[in-house]
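Hi,

Here is the structure I said I would pass on.

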Amino acid sequence: MHFDSLDYILFLTLSVAAYWAARAHPLWRLGSLFIASCAFYMAWHPLYIVLILGSTVLDFSMGLRIARARSQRAKKAYLLASVVGNLGLLGMFKYFNFAARVAVDGLELLGYSLRAPYLDVLLPVGISFYTFQTLSYTIDVYRGRLNATSNPIEFAVFVTYFPQLVAGPIVRAAEMLPQLRQFPKLTRRQSSEGLFLIATGLIKKVAIADYLSINLVDRIFDNPAGYTAVEVVVGLYGFTMQMYCDFSGYTDVARGSAKLMGLELPDNFDRPYQATNPADFWRRWHQTLSSWLRDYLYVPLGGSRCGPVRAYFSLALTMFLIGIWHGASWTFVYYALLQATAMVLHRFVRRRSRRSRNDAVHPAAVNVTMIAAKIFANLQFVVFSRILFRATDLQNAVDVTERLWSGQTSTAQITPAVWFVLLLSFALHYTPKRWFERLEREFVWQSPAFQALGLVVVGCILSLVASAQVVPYIYFQF
């Protein structure tokens, strides 16, 4: 059930109505959310509801056992059970086949022949997201930063809550559980903000991401030999914007849907293509994943507190895991290595330069120019590194890269409409953030009738530009 479908709009309407109808009864209210979330997940693959419910039961019980354990050793044992159980399922479904292929290929290089078993199953949608979400709960309980909940329905809703279930944002129990316990209240401002977010998210997805995917990006990656070097570059910029609008559009709809129920989900993006360096980029892109790995991996490994060598190792490992979290293939392995290398080099250069002190004596115009140059340089790294992210395999990545060196400069196959959508999307991305905040405030201040009219207009526009071809959200595959 895709967010950009009438099915979801109807489903959301019924779910919100049932939620508010049961407002006065906590058990019914949470029960309605749990049933709606299970129905939403089962719309993808009914059998896989067993997996997410299994993770729910495991971490709910381990959380209680950790809280009640009398010894540190017992607490560690229960936490280990949670970690092994969750990461074991994730590893089996997401990485088993890739690991088996690597093992077979490695043995063949050594002269051995082996037939490894492969799992002929679909990757459960959203497993990477809800695995990290439930793990954060047991880890926080173990650390004493969160009290274990004794309400199984409350915990089940936290894990399965449908707006952010299949592609985030990754919500932590400390953020969500207190909201589920409170008596729900919905202000006119919150509902207006929710509708605004849903509308903007659908515009990003349908009018920009899907259009660029169908009319530019997919064509170039399907047949790179049929395009010139400049057209391939345009396609890479197109994928960069497609990826942002696709993922941030999903997040907007998820956050907007939650607001209609009086709940708040964290944002996941902060103008990532305005970043000045790799570290700044990952603070702005997929923020809930970056902060999760920072708090539950980088800092426990020592972070920057244990000397430069260990800090570089912790940083490299964290960035490598961010990369391969996205997929189990050699393209993502190389993408992960590239991101890890960039982060380590950035940290190395930053620690050994006195650029920050020198910036202070530069005129304002020089500083602005330097910032613009850094943004431009970082964007190029993001754009061209994503060849590995988008390519179907290493050969496809090589084919796309080779076309960049063809020397051909024609742009005859890029239509005016594609140019318009691509340039407009980048122009909007680099406008001041306060402009969009002001637009949101203007919408919130309008009367319900005017808001309804605006949403109808948006719906009509989207119906005109929407493609008959279904374009899945990119992050559904993760």
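At what angle do helix α11 and helix α12 pack, and how far apart are their axes? Before I get to that, please keep in mind that this is a predicted model.

Now the helix pair. Helix α11 covers residues 287-298 and helix α12 covers residues 308-325. They pack at an angle of about 135°, and their axes are 10 Å apart. An angle of that size makes α11 and α12 oblique to each other. The crossing of α11 past α12 is right-handed. On the α11 side, the contact is made by L289, S290, L293, L297 and Y298. The α12 side brings in A311, S314, L315, T318, L321, I322 and W325. Sorted by type, the residues of this contact come to nine nonpolar, three polar and no charged.

There is another helix pair to look at, α5 with α6. Helix α5 (residues 127-143) packs with helix α6 (residues 152-160) at an angle of about 140°, with the axes 9 Å apart. These helices, α5 and α6, are therefore oblique to each other. Y130, Q133, T134 and Y137 of α5 make the contact with F155, F158 and V159 of α6. That contact of α5 with α6 divides into five nonpolar residues, two polar and no charged.

One residue I would click on is H286. You will find H286 in the loop between α10 (278-284) and α11. Is H286 buried or exposed? With a relative accessibility of 0%, H286 counts as buried. Setting aside neighbours within four places in sequence, H286 is in contact with F129, I170, F247, N268, F269, W325, H326 and Y475.

Finally, the chain as a whole. Its secondary structure comes to 19 helices and zero strands. The radius of gyration of the chain is 24 Å, close to the 23 Å that the globule rule gives for 478 residues, so the chain is as compact as a globular protein of that length. Along the principal axes, the C-alpha atoms fill a box of roughly 65 × 65 × 55 Å. Of the 478 residues, 49% count as buried. As for contacts with a separation of 6 or more, 77% of them are between residues 24 or more positions apart.

Cheers

How values were computed. Residues are numbered from 1 along each chain as its sequence is written. This is a predicted model: local features need pLDDT of at least 70, side-chain atom pairs count only at pLDDT 80 or more; totals for chains, interfaces and linings use all residues. Side-chain values use heavy atoms; hydrogens and water are left out. Axes are lines fitted to C-alpha atoms, for helices over the stretch in contact, and angles run from 0 to 180 degrees between N-to-C directions. Helices (H or I, at least four residues) and strands (E, at least two) are DSSP runs, numbered from the N terminus. Angles under 35 degrees count as roughly parallel, over 145 as roughly antiparallel, 65 to 115 as roughly perpendicular and the rest as oblique. A crossing is left-handed if the near helix is turned anticlockwise from the far one by less than a right angle, and right-handed if clockwise. Contact means heavy atoms within 4.5 Å. Ala, Val, Leu, Ile, Met, Phe, Trp, Tyr, Cys and Pro count as nonpolar, Asp, Glu, Lys and Arg as charged, and the others, Gly among them, as polar. The radius of gyration is taken over C-alpha atoms; the globule rule is 2.2 Å times the number of residues to the power 0.38. Buried means under 20% relative accessible area, exposed over 50%, partly exposed in between (1.4 Å probe, protein chains only).
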